[in-house]
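Welcome, and thanks for taking a look at this one with us. Please have the sequence and the 3D view open as you read.

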Amino acid sequence: TKGTYAASVEAFYEFCRIHSLPHASVSDLDLAMVEFMNAGFLEGDGGYVGSRLLAALSYIRPELGRPCDMAVHRAKQALRGWKRLAPGFSRLPL
């Protein structure tokens, strides 16, 4: 789990670096996460990418609290919309 969280957060920070998005304060982080989730949705990624990022950031940045719903409210709304518009699917049995 720690490795998955680290990879998810690293991908997010790389996205922020490429797009020059600040993420030091909680409000900047919230807006950067919304941009990341919008880009992920438009690229066709599954909603699990956003869920994993939200879980990873709440683990790595304890100031967000747990489950960090109020700190990054816009990102949580973006994730909810992403999952509604691109629902997950079941895998076929082996």
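This is a predicted model: local features need pLDDT of at least 70, side-chain atom pairs count only at pLDDT 80 or more; totals for chains, interfaces and linings use all residues.

The chain has four helices and zero strands, in the order α-α-α-α along the sequence.

**Fold and surface**
- Of the chain's 94 residues, 34% count as buried.
- Among contacts with a separation of 6 or more, 66% join residues 24 or more positions apart.

**Aromatic pairs**
- The whole structure holds four aromatic pairs.
- In one of them, the ring centres of Tyr-5 and Tyr-59 are 5.6 Å apart with their planes at 55°, so this pair is tilted.
- That pair links distant parts of the chain, since Tyr-5 belongs to helix α1 (residues 2–18) and Tyr-59 to helix α3 (residues 48–60), 54 residues apart.
- Tyr-59 is partly exposed, because its relative accessibility of 41% falls between the cut-offs of 20% and 50%.
- Phe-12 and Tyr-13 also form a tilted pair, with centres 5.8 Å apart and planes at 45°.
- Phe-12 is buried at 0% relative accessible area, whereas Tyr-13 is partly exposed at 25%.
- Ring pairs join Phe-12, Tyr-13, Phe-15 and Phe-36 into a cluster.

**A look at Lys-76**
- Lys-76 sits in helix α4, which spans residues 73–85.
- With a relative accessible area of 27%, Lys-76 is partly exposed.
- Lys-76 and Met-33 are 43 residues apart along the chain, and their C-alpha atoms are separated by 9.0 Å.

Key
Residues are numbered from 1 along each chain as its sequence is written. Side-chain values use heavy atoms; hydrogens and water are left out. Helices (H or I, at least four residues) and strands (E, at least two) are DSSP runs, numbered from the N terminus. Buried means under 20% relative accessible area, exposed over 50%, partly exposed in between (1.4 Å probe, protein chains only). Contact means heavy atoms within 4.5 Å. Rings of Phe, Tyr and Trp (its six-membered ring) pair if their centres lie within 6.5 Å; planes under 30 degrees apart count as stacked, over 60 as edge-to-face and the rest as tilted.
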